[in-house]
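Hello,

Here is the structure we talked about passing over to you. Have a look at it first, and then read on for what turned up.

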Amino acid sequence: MQDPQKYRNMSVPAGHPDHVAKAAKMLAGAVQPVIIAGGGIKNTRGHDAALALAEALNCPIVTSPGHGDAIPFGHHLNAGQMGPRGNAVASRLVKEADVILALGTRLGFNATFYTYDNINRDAAIIQVELEPTAIGRFFPVELGIWADAPTTAQQLTDALKGIGDRALAKQWTEGFMAERKAFLAQRDADSIETSPTQPSGLFKALRGVLPKDAAITMDAGTLCLQATDALNYWTPGSLFTPLDFGLVGFSMACGMGVKCAQPDRPVVSLMGDGGFGMTVSELSTAVDHNINTVTVVMNNQCWGAEKAYQRDFFNGRYIGADVSSPRFDELAALYRAQGYRADTLADVAPAIEAALACGKPAVVDVAVDPNALYSFRRDSFKHRGG
């Protein structure tokens with residue numbers, strides 16, 4: 001069998017100098033520039049290079065959905081995740097930008113739904129991608145750079161040193177930072193903290209209790225979809241999600257893998273009761289091998305995505321949407337794991353703190369309002385003609 005290193009190109013290509021110079025000139029002349037950081041930044045841990053470029057440009061940086069940990073949450077130029085599954089601030093920036101630097105992102109379905117509803121039709125797009133067939137695949141680009149994203153970010157930062165200050169974008173960036181601050185404050189203020197537990201209240205509780213170095217894994221389903229941009233990712237490489245692959249039951253198994261790779265790091269896996277029911281038997285693996293993750297089961301007693309779609313698209317004709325499960329805290333104890341129950345929102349933080357400290361695989365069964373259903377509106381799919 002051949003050694004792959006003999007026939008695969010293992011180099012990390014830099015951007016062509018002429019293309020880098022042209023991109024730098026476009027960015028320097030932009031009034032409303034934005035950087036979209038995708039998997040090419042997240043998966044290479046290229047956040048330092050991306051942030052250095054954002055600082056050189058004095059422009060906001062947004063992340064593509066599922067890659068909210070590509071840059072640290074606390075950086076002042078971080079706008080969060082964009083698109084129909086992101087937040088309003090980041091999404092507005094991409095809809096209004098005059099120059100968009102797509103840095104290691106395909107601008108694919110999760111980010112754009114492939115429509116100009118989610119990206120400015122009139123923006124000049126500079127797309128930096130290591131996969132050449134991804135350049136311009138979904139949106140026409142002004143300039144494509146076939147290269148490694150962090151390497152190109154560093155090249156652009158160096159090129160901008162000789163171009164002058166970025167006064168043109170000052171108003172745009174200052175306006176964004178004020179809007180982002182207000183958005184985060186309003187997100188907390190709007191959280192519903194009554195009983196039964198609502199997703200917004202649960203996410204606020206999680207933001208308050210999860211350690212800043214925690215690795216967080218998500219499952220498929222709408223509760224995890226909402227949680228993806230509702231949590232704060234302080235450390236790059238801390239969000240693991242199946243995105244649109246439909247991997248129901250992914251989260252706990254993924255969390256176990258992350259814990260094996262980084263045993264000293266707290267790992268918290270979020271999933272619904274349906275998804276947890278699919279993979280609960282892996283608790284025996286966790287117990288047998290001391291894989292001490294915390295699984296938070298957002299238990300709304302239904303297949304939330306399917307029930308929401310049946311409500312919104314089929315006039316509430318529910319078929320197979322409800323889930324009948326045992327108490328998952330008690331089930332965890334039968335596996336010799338540690339189980340906790342959060343019947344109210346006030347129970348959530350103490351339960352998660354106890355689970356993180358217990359020294360065993362742990363399950364936190366959180367009762368979530370079964371009527372708090374979320375789905376995309378019909379008009380999100382108007383471009384499909386159906």
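Is F113 buried or exposed? F113 is buried, with a relative accessible area of 2% (buried means under 20% relative accessible area, exposed over 50%, and partly exposed in between, with a 1.4 Å probe and protein chains only).

Before the rest, a word on where the values come from. This is a predicted model, in which local features need pLDDT of at least 70 and side-chain atom pairs count only at pLDDT 80 or more, while totals for chains, interfaces and linings use all residues. Residues are numbered from 1 along each chain as its sequence is written, and side-chain values use heavy atoms, with hydrogens and water left out.

Most residues other than glycine have a negative phi, and most peptide bonds are trans. F113 has a positive phi, near 55 degrees, and lies in the loop between α5 (109–112) and β5. (Helices here are DSSP runs of H or I with at least four residues, strands are runs of E with at least two, and both are numbered from the N terminus.) N315 also has a positive phi, near 55 degrees. Its setting is the loop between α13 and α14 (328–334), and at 69% relative accessibility N315 counts as exposed. The peptide bond from S195 to P196 is cis, with omega near -5 degrees; P196 is found in the loop between α7 and α8 (199–209).

An open sheet of 6 strands has the order β3-β2-β1-β4-β5-β6, with parallel pairing (two strands pair if DSSP finds at least two bridges between them). At the edges stand β3 (78–81) and β6 (143–146), each with a single partner strand, so one side of each is left without a neighbour in the sheet. From one strand to the next, the twist averages 15 degrees. (Axes are lines fitted to C-alpha atoms, for helices over the stretch in contact, and angles run from 0 to 180 degrees between N-to-C directions.)

β5 (residues 124–129) pairs with β6 in the parallel sense over 4 bridges, and Q127 stands opposite G144 in β6. Two helices to look for on this sheet are α4 and α7. Helix α4 (residues 88–96) lies across β1 (33–37), β2 (61–63), β3 and β4 (99–103), at about 100 degrees to β3, where contact means heavy atoms within 4.5 Å. Helix α7 (residues 170–189) lies across β1 and β3, and runs at about 60 degrees to β3.

**Another sheet, β7 to β12**

Here 6 strands form an open sheet in the order β8-β7-β9-β10-β12-β11, again with parallel pairing. Its edge strands, β8 (239–240) and β11 (338–342), each pair on one side only. β9 and β10 (residues 294–299) run parallel and are joined by 5 bridges, with S269 opposite T295 in β10. Helix α10 (residues 250–261) lies across β7 (215–217), β8, β9 and β10, at about 170 degrees to β9.

**Cavities and a pocket**

The search ran on a 1 Å grid over the protein atoms alone: a cavity is a set of points where a 1.4 Å probe fits but cannot get out, a pocket is an open set with protein on both sides within 12 Å along at least five of seven lines, and lining residues have an atom within 4 Å of a point. Grid points are joined across faces, edges and corners, and a volume is the space filled by probe spheres set on the points.

There are 2 cavities of 30 Å³ or more. The largest cavity has a volume of about 130 Å³ and is lined by 17 residues, of which F73, G80, R180, D229 and L231 lie nearest its centre. β3, α7 and α9 (222–230) are the elements that give two or more residues to that lining, and α7 gives the most, with 4.

The second largest cavity has a volume of about 90 Å³. Its lining includes L231, Y233 and W234.

The second largest pocket holds about 630 Å³ of space. It is lined by 34 residues, with D219, A220, G221, T222 and A305 nearest its centre. α9, β9 (267–272), α11 (273–279) and α13 (304–313) each supply at least two lining residues, and α9 gives the most, with 6.
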